[in-house]
Amino acid sequence: MPRRYLVCEPDHFDVRYAINPWMSQDAPVDAALARRQWEGLVRVYREHGHTVETVRPEPDLPDMVFAANAALVLEGRVFGSYFHAPQRRPESLAYETWFKAAGYDVYRPESVCEGEGDLVAAGSFILAGTGFRTTPEAHREAQEFFGVPVIGLQLVDPYFYHLDTALFALDDTNIAYYPGAFSAGSREVLERLYPLAVIATREDAMAFGLNSVSDGRHVFVAPQAAGLMDRLADRGYVPVPVDLSEFHKAGGGIKCCTQEIRS
């Protein structure tokens, strides 16, 4: 199914601070490599029939390239962001400006909420992560705003600080996830809701294999997650490897760089 994606060019991408376990100023970013990898992602999306639009990057916002964190868009309604880290809070206004110029109204959450980083549209539900960034209060705001049931999930491993590093929707009925990222009760919830889910290993998850984007058939996935790609293929999906390893230095990957606009 053709999708519409919003991305932000990595003009200012860098690691200038540390707000998650992946970030270290001792590991400098290769800006030229990051640009080539990002352009490769955009090219692959377009080759598979998807529309890609861009928001203008702003200086002093090195994480603005991670477009997914800016909002959740469902049925043409935009639920914006309020970042946990002060360094990222100006990103909310930059993306809000883009959405408004494109003709959308934008809801500003009152509680900490990091967009598709922690809010995953999954068919008739929104799966919502908490524990490190987005708060349960934001889950309630999202449910009131969209009128869609929100299923709260507790994240317990700091390496999987956003839900989109530990889980992604394959289609409207199934997901892939790493159980070790979740509390015992949240694992039970996922097992009940998705008994046929694709289960990832910690190795796959640490390779950003779950920070993937699926169009319902093709799964754009980190090539380092070889085991996960095999399991996806066994289930009839078509893995499309896209290397965004330079962005792993900031704790992000394919999904982090991709905001889906669902009209």
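Exposed means over 50% relative accessible area, buried under 20%, and partly exposed in between (1.4 Å probe, protein chains only). Helices (H or I, at least four residues) and strands (E, at least two) are DSSP runs, numbered from the N terminus. The model is predicted: local features need pLDDT of at least 70, side-chain atom pairs count only at pLDDT 80 or more, and totals for chains, interfaces and linings use all residues. Numbering starts from 1 along each chain as its sequence is written, and side-chain values use heavy atoms, without hydrogens and water.

α3 spans residues 136-146, and its buried residues are A138, H139, E141, A142, F145 and F146. They fall within an arc of 160° seen down the axis of α3, so they line one face of the helix. The arc is taken over directions from the helix axis to the C-beta atoms. These buried residues pack against β3 (72-74), β4 (77-79), β5 (106-107), β6 (119-122), β7 (125-130) and β8 (150-154); contact means heavy atoms within 4.5 Å. G147 follows α3 with a positive phi, near 65°.

The largest pocket has a volume of about 710 Å³. A pocket is an open set of points on a 1 Å grid over the protein atoms alone, where a 1.4 Å probe fits, with protein on both sides within 12 Å along at least five of seven lines; lining residues have an atom within 4 Å of a point. The volume is the space filled by probe spheres set on the points. The lining counts 34 residues, with R3, A121, D172, E260 and R262 nearest the centre. β6 gives the most, with 4 residues.
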